Amino acid sequence: MLRGSLDRPCRLPYRSHVLTIATIGYEGATIASFQDALRDAGIDLLVDVRALASSRRPGFAKTRLAANAKEAGAEYLHLRALGTPSDGRAAARAGRHAEMRRIFQEQLSTSEAQAELGLIQDLVQQGRRVCLLCFEARPEHCHRSLVADALKKRIPVEVVHLTAADDDS
């Protein structure tokens, strides 16, 4: 299901006159539901913003994820400087989301992260239908929302949070 906010389904996430970026988390998703969400939104570039592009979930580690994205019609790009450092990931796992956000904001201020954010900006402005990927299902608990917010400070862009979970939870 596509979501235009955290609570409201959104059927047309992309409008031709508005720059848009999507986000998605694969927690609770199957490969099929993940691919369906990308296809339904017309995503043509999946940007992996995990520091480590690995996963214990089958199909979501870098090589297999790139192949699964390609099957859904999207290219794959890993931007590791936009990932959360290990201490931030530990804070998120422990439910300390404010601490994770603080740690990630420090990471986001690095020249490497700013360069990668600039690359995303260029891609969106070129008309690419970009989707930021990380693990957490709930965007408010994930740094990908902070990446999208940082992009919004650079250019006027609408953020759409996609959902790939097989249930409505």
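In strand β4 the bridge partner of D48 is H78, strands here being DSSP runs of E over at least two residues and helices runs of H or I over at least four, both numbered from the N terminus. Strands β3 and β4 pair in the parallel sense over four bridges, where pairing requires that DSSP finds at least two bridges between the two strands. The model is a predicted one, in which local features need pLDDT of at least 70 and side-chain atom pairs count only at pLDDT 80 or more, whereas totals for chains, interfaces and linings use all residues. Residues are numbered from 1 along each chain as its sequence is written, and side-chain values use heavy atoms, with hydrogens and water left out.

Strand β4, residues 75–78, has a covered face formed by Y76 and H78 and an uncovered one formed by E75 and L77. In a regular strand the side chains alternate between the two faces of the sheet. In strand β5, residues 130–134, V130, L132 and C134 point one way and C131 and L133 the other way, and all are buried, a class that means under 20% relative accessible area, with exposed set at over 50% and partly exposed in between (1.4 Å probe, protein chains only). Strand β5 is joined to β2, residues 20–25, by five bridges in a parallel arrangement, with T23 opposite L132. Strand β3, residues 45–48, also pairs with β5 in the parallel sense, over four bridges, and L45 stands opposite V130.

Read along the sequence, the protein chain follows the pattern β-β-α-β-α-β-α-α-α-β-α-β, with six helices and six strands. Of its 169 residues, 49% count as buried. Among contacts (heavy atoms within 4.5 Å) between residues at least 6 apart in sequence, 75% join residues at least 24 apart.

Helices α3 (86–93) and α4 (97–108) each supply at least two lining residues, and the largest share, three residues, comes from α3. By class, the lining of the largest pocket has nine nonpolar, six polar and eight charged residues, where Ala, Val, Leu, Ile, Met, Phe, Trp, Tyr, Cys and Pro count as nonpolar, Asp, Glu, Lys and Arg as charged, and the others, Gly among them, as polar.

The count comes to one cavity of 30 Å³ or more, and about 40 Å³ of space lies in the largest cavity. This cavity is lined by G25, E27, A137, R144, L162, T163, A164 and A165, which divide into four nonpolar, two polar and two charged residues. G25 lies in strand β2 and is buried, with a relative accessible area of 5%. Leaving aside neighbours within four places in sequence, G25 is in contact with C134, F135, E136, R144 and A164, while the C-alpha atoms of G25 and L162, 137 residues apart along the chain, are separated by 7.9 Å.

Terms used:
1 Å grid on protein atoms, 1.4 Å probe; cavity = no way out; pocket = protein on both sides within 12 Å on 5 of 7 lines; lining within 4 Å. Points joined across faces, edges and corners; volume = space filled by probe spheres on them.
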